[in-house]
Amino acid sequence: PAIRNLLTDFLSTRGYRVQTAPDGPTTLALVGRAAPQLIVLDIQLPGMNGVTVLRELRARQYTGGVIVLSGSKDEKLLTAMLEMGAVELLPKPFDLERLALAIQVGLILSKS
């Protein structure tokens, strides 16, 4: 919740419209109602992990960008996220300005 609030405040002050979800199932429900251009997705989520969420998003034909946040060093897991089309993989702790840049790039790529 603390990181989610930090990101919401940081991105909102930069003019982004932000929706948040506390877990994987809620993320899928939100995307099902109105698909965002870009998702910032943590690998460690309650309910289902980020790999499962991204796999399900792709199965549902979500074509928007995904930026993955992870404290994991599991190369197999991280490679799976990239193979499913993650735009960027940022290790935790992450730099907010680097995230802002990744979001700009991700939004450009999601439009092309």
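Which residues form a nonpolar patch on the surface? In this predicted model, where local features need pLDDT of at least 70, side-chain atom pairs count only at pLDDT 80 or more, and totals for chains, interfaces and linings use all residues, the patch is formed by Leu101, Val105 and Leu109, with about 260 Å² of accessible area together. Residues are numbered from 1 along each chain as its sequence is written, and side-chain values use heavy atoms, with hydrogens and water left out. Patches are made of residues with over 30% relative accessible area and no salt bridge, with like charges joined within 9 Å and nonpolar side chains (Val, Leu, Ile, Met, Phe, Trp, Tyr) within 5 Å; a salt bridge is a side-chain nitrogen of Lys or Arg within 4 Å of a carboxyl oxygen of Asp or Glu, and accessible areas come from the Shrake-Rupley method with a 1.4 Å probe, only the protein chains shown counting as cover for residues. Leu109 lies in helix 5, residues 96-111 (helices are DSSP runs of H or I with at least four residues, strands runs of E with at least two, numbered from the N terminus), and is partly exposed at a relative accessible area of 47%, where buried means under 20%, exposed over 50% and partly exposed in between.

Contacts, defined by heavy atoms within 4.5 Å, link Met81 to Leu41, Ile43, Gly50, Val51, Leu54, Val68, Ala86 and Leu89, residues up to four places away in sequence not being counted.

Strand 1 is mostly covered, four of its five residues being buried, and runs parallel to strand 2, to which five bridges join it; strands are taken as paired if DSSP finds at least two bridges between them. Among these pairings, Asp42 has Leu69 in strand 2 as its bridge partner. Leu69 is also touched by Leu7, whose other contacts, again excluding residues up to four places away in sequence, are Val40, Phe94, Leu96 and Leu99. Leu7 lies in helix 1, residues 2-12, and is buried, with a relative accessible area of 10%.

How values were computed:
Buried means under 20% relative accessible area, exposed over 50%, partly exposed in between (1.4 Å probe, protein chains only).
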